[in-house]
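Morning, everyone. Please have the structure open while I talk.

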Amino acid sequence: MKLYDCAAAPNPRRARIFIAEKGISIPKIQVDIIAGENMKEEFRSINPRGLLPVLELDDGTRLDETMAICRYLEELYPEPALLGTTALERAQVECLQRKMEFDGMIAASEVFRNNTSNDSFSYRSMPGTDEISAIDGLVARGRATLRQFFYWLEHYLKDSRFIVGERFTMADITALCAVDFAKWVQIEIPQHNVHTLRWFDEVSSRPSAQA
């Protein structure tokens, strides 16, 4: 296997943290999104959508969605379980991971990609294309959604160590990447979110967070 990766991008980081938590080694090929390498023909032949990460299997099969990659690896390497161990826990991880992705990751992406002062992305408001200009209204929507993200993150963490109870899961990985991604647009955890700050200190100190 090999992973087409971008060290600077939040979605590939989710896959890297997952892989690090599993303790497995997968060779990585860097693709520079900032420089637009993901939109060049060389990478389009790997993933026509121009998106990262991509996991290429030994037989040439390619998985180009972060959660599909993580589900595949969870099947191959079930310990430690990051997607849940029971039917209920798997459903909870799926539910909360998706909320962290939509309310956190995607909202931060809307702000980042649609900020017209961002010269690298002001003409790439949609991932994988250079044909759609920034849309100012999406910045305000993204910021509003991130406020909701932090409100609910504090709620989920007020009675538990991690987002899904006492076990570190994919929901925590996605939320961590969302929080760090939001910093790119100068949005940070509100200081009154004491449970979120406690959680963030803990998950940020895990060795996998440096992956």
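Find D5 first: D5 stands opposite Q30 in β2. Keep in mind that this is a predicted model.

Now, the strand around that pair. β1 covers residues 2-5. Three bridges join β1 to β2, and these two strands run parallel. Follow L3 across to β2, and its bridge partner there is K28.

L3 has a partner on β3 as well. Which residue of β3 is the bridge partner of L3? In β3, that partner is L55. β1 and β3 also pair over three bridges, but in the antiparallel sense.

A quick reminder on what pairing is. Strands of a sheet pair through backbone hydrogen bonds, either parallel or antiparallel.

Next, the whole sheet. In what order do the four strands lie? Read across and you get β2-β1-β3-β4. The sheet is open, and the pairing is mixed. Two strands stand at the edges: β2, residues 28-30, and β4, residues 62-63. Each has a single partner strand, so one side of each is left without a neighbour in the sheet.

Something lies across this sheet. Look for helix α3, residues 66-76. Helix α3 lies across β1, β3 and β4. Against β3, which is residues 54-56, α3 runs at about 40°.

On to the helix pairs. Two packed helices are described by the angle between their axes and the distance between the axes.

Take α4 and α5. Helix α4 is residues 87-114, and helix α5 is residues 136-157. They pack at an angle of about 150°, with axes 8 Å apart. That angle makes α4 roughly antiparallel to α5. The crossing of α4 past α5 is left-handed. Who makes the contact? From α4, the residues include L96, M100, F102, A107 and V111. From α5, they include L138, V139, L146, F149 and Y156. Charged residues take part too, among them K99 and D103 of α4 and R141 and R143 of α5. The count for this contact is twelve nonpolar, four polar and six charged.

The other pair is α1 and α6. Helix α1 is residues 10-22, and helix α6 is residues 170-182. Their packing angle is about 145°, and their axes are 10 Å apart. What is the hand of the crossing of α1 and α6? It is right-handed. On the α1 side, the contact is made by P10, R13, R14, I17 and F18. On the α6 side, look for M170, I173, T174, L176, C177, D180 and F181. Those residues divide into eight nonpolar, one polar and three charged.

Now some backbone details in the loops. Where are the cis peptide bonds? One joins L52 and P53, with omega at about 5°. P53 is found in the loop between α2, residues 41-44, and β3. Another cis peptide bond joins E79 and P80, with omega at about -10°. P80 is in the loop between α3 and α4.

Last stop: Q186. Phi of Q186 is near 60°, a positive value in a residue other than glycine. Where is Q186 found? Look in the loop between α6 and α7, residues 194-204. Is Q186 buried or exposed? Its relative accessibility is 65%, so Q186 counts as exposed; the cut-off for exposed is over 50%.

That's my tour. Over to you.

How values were computed:
Residues numbered from 1 in each chain as written. Predicted model: local features only at pLDDT ≥ 70, side-chain atom pairs only at ≥ 80, totals over all residues. Heavy atoms only, no water. Pairing = 2+ DSSP bridges. Contact = heavy atoms within 4.5 Å. Axes fitted to C-alpha atoms, helices over the stretch in contact; angles between N-to-C directions. Parallel < 35°, antiparallel > 145°, perpendicular 65-115°, else oblique. Left-handed = near helix turned anticlockwise from the far one by under 90°. Buried < 20%, exposed > 50% of the residue type's maximum accessible area, 1.4 Å probe, protein only.
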